[in-house]
Amino acid sequence: MNTESVEEKVIRKIKKCGRGNLFFPSDFVSYGEVKNIHKILERQTSKGILLRIGRGIYYYPKIDKQLGLGVLYPTLEAVAEGIAKHDKARIVPTGLYALNRLGFSTQITMNIVYLTDGYPRKVALWNGATIQFKHTPPKNLAFHSHLAMLLTFAYKSLGKENITDDILDKTKELLAKDSNDIVKQDYGLMPSWISSIIKKLYEE
C-alpha cells in the first residue's frame with residue numbers, strides 16, 4: 001500500500017486550490033508538525049513552485065503564457081483579502097488607499113492601512129510594500145453596504161472640511177450603483193456629518 005507523504009499531501013492541496021491563491025503554514029497543520037510544514041513550503045519555494053511574498057505567506061503564482069509576462073504577482077488588495085480570509089476577519093481600507101479605491105485620489109501608496117476586527121499586525125511584503133491591519137471594534141465593520149463602509153472611512157480620513165465638490169460628484173456617481181434602501185441601514189454606523197451628506201446626495 002502506497003502511503004502519501006506529508007509533502008505530497010501539501011503539494012496536492014496547493015494544486016487543488018489552484019494558482020493565484022495564498023497559503024499559510026497553518027493551512028496544513030492537519031498533515032504534520034508545523035516545523036516540518038515550514039520546511040516543505042520553503043523547499044517548494046526554492047524549487048520555484050511557490051513564491052514567499054511575506055513572512056509565513058506563500059503564493060502559488062498565476063503564469064501568463066499568452067502575453068509572455070511570466071509570473072503574475074498578486075495585488076496588495078488580493079494579499080490583504082487573502083490574509084483576512086485566513087484570519088476569518090473583516091477588513092476595510094482607510095487613509096490614502098481608501099481614497100484611491102474610490103477614485104478620490106490618484107496617489108498610489110506602497111504602505112496601505114486596513115481596519116480589521118481580527119488580529120492587528122504589520123506585514124512586510126516582497127516588493128517593499130507593507131500592509132498594516134489596525135484593530136477596530138466589530139460594530140464598526142457591521143455595514144450592510146460595502147460602498148457605504150468604504151465611503152465612511154474615506155470621508156473620515158479626509159475630514160469634513162476637505163470634502164470638495166469634486167468628491168461629492170464622484171460620491172453621487174458611486175451611490176447611483178448602490179440602493180438607498182441598503183445604504184440607509186448603515187446611517188447609524190456613520191458619523192452624523194457623513195450620513196447627512198449621503199442622505200442629501202440621494203435626495204438630489
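## Basis and overall build

Because the model is predicted, local features need pLDDT of at least 70 and side-chain atom pairs count only at pLDDT 80 or more, while totals for chains, interfaces and linings use all residues. Residues are numbered from 1 along each chain as its sequence is written, and side-chain values use heavy atoms, with hydrogens and water left out.

The protein chain holds eight helices and nine strands, where helices (H or I, at least four residues) and strands (E, at least two) are DSSP runs numbered from the N terminus. Its C-alpha trace spans about 70 × 40 × 25 Å along the principal axes. Of the 204 residues in the protein chain, 41% are buried, a class defined as under 20% relative accessible area, with exposed meaning over 50% and partly exposed in between (1.4 Å probe, protein chains only). Among contacts (heavy atoms within 4.5 Å) with a separation of 6 or more, 54% join residues 24 or more positions apart.

The lining of the largest pocket comprises 19 residues, with Gly 20, Asn 21, Leu 22, Gly 82 and Lys 85 nearest its centre. Helix H1 (6–17), strand S1 (21–23) and helix H3 (76–87) each give two or more residues to this lining, and H3 gives the most, with five residues.

## Aromatic pairs

Eight aromatic pairs are found in the whole structure, counting rings of Phe, Tyr and Trp (its six-membered ring) whose centres lie within 6.5 Å, with planes under 30 degrees apart called stacked, over 60 edge-to-face and the rest tilted. Tyr 114 and Phe 133 form a stacked pair, 6.0 Å centre to centre with 25° between the planes. This pair links distant parts of the chain, since Tyr 114 lies in strand S7 (residues 111–116) and Phe 133 in strand S9 (residues 130–135), 19 residues apart. Tyr 114 is buried, with a relative accessible area of 1%, and Phe 133 is likewise buried, at 4%. Elsewhere, ring pairs link Phe 23, Phe 28 and Tyr 31 into a cluster.

## Helix H4 and positive phi values

In helix H4 (residues 95–102), Tyr 97, Ala 98, Leu 99 and Leu 102 are buried. The buried residues of H4 pack against H3, strand S6 (91–94), S7, helix H5 (146–158) and helix H6 (165–175). Just after H4, Gly 103 takes a positive phi of about 85°.

Most residues other than glycine have a negative phi. Lys 88, however, has a positive phi near 55°; Lys 88 is found in the loop between H3 and S6 and counts as exposed, at 78% relative accessibility.

Conventions. 1 Å grid on protein atoms, 1.4 Å probe; cavity = no way out; pocket = protein on both sides within 12 Å on 5 of 7 lines; lining within 4 Å.
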